[in-house]
Amino acid sequence: MGLIEIASGDSVWRGMDYYENHKVVSWNKSGDSTYEGVVSGSNGESYKVYIDKLHPRKSICNCAFAEGRRVVCKHMIALYFTSEPEAAKDFLKQAEEWEREEEERVKRHYEDLRKYVKSLSKAELQERLYNALVELEERRNRYW
């Protein structure tokens, strides 16, 4: 598993934002699969970042989120995308593909739902609508 797979979705997207906004102040390749750099944070502070592509859990950042933990933060993702811009392009391409597939899944779901509703008799439809409204009201009363 790589940095992107280990990071939370929030860290990946915020790291992408940092990459696109050139928050990586400096960086260099420190080994075959490692990079070091400085990333400017949203609060104006700069963070020292080390990433290891082969062993992502060995990556380090001194930000409050990652310091002392084996997690991948937005600063690590920003450094990764800056040092390997093709990875950023590939990630965005995969995200766009996933969104297209998700739109198609949602479209099919509603088509299937429409077919199901049309297959019900009037009495079945009335009963299911009543049950759905009761359930909705019970949920609303439970959480309000």
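This is a predicted model: local features need pLDDT of at least 70, side-chain atom pairs count only at pLDDT 80 or more; totals for chains, interfaces and linings use all residues.
**Exercise 1.** Which residues line the largest pocket, and which helix gives the most to its lining?

*Solution.* Start with the space itself: the largest pocket has a volume of about 180 Å³. Next, list the lining. It consists of Ser-8, Asp-10, Ser-11, Arg-14, Tyr-47, Cys-63, Ala-64, Phe-65, Cys-73, Lys-74 and His-75. Then place these residues on the elements: helix H2 (9-20) and helix H3 (74-83) are the elements that give two or more residues to this lining. Last, find the leading contributor, which is H2 with 3 residues.

**Exercise 2.** How many nonpolar, polar and charged residues does the lining of the largest pocket have?

*Solution.* Sort the lining residues by class, with Tyr and Cys taken as nonpolar. The lining of the largest pocket then has 5 nonpolar, 3 polar and 3 charged residues.

**Exercise 3.** Which residues line the second largest pocket, and from which helix does the largest share come?

*Solution.* Begin again with the volume: the second largest pocket holds about 150 Å³ of space. Its lining is made up of Gly-2, Leu-3, Ile-4, Glu-5, Lys-53, Tyr-80, Ala-87, Asp-90, Phe-91 and Gln-94. Now look at the helices. H4 provides the largest share, 4 residues.

How values were computed. Residues are numbered from 1 along each chain as its sequence is written. Side-chain values use heavy atoms; hydrogens and water are left out. On a 1 Å grid over the protein atoms alone, a cavity is a set of points where a 1.4 Å probe fits but cannot get out, and a pocket is an open set with protein on both sides within 12 Å along at least five of seven lines; lining residues have an atom within 4 Å of a point. Grid points are joined across faces, edges and corners, and a volume is the space filled by probe spheres set on the points.
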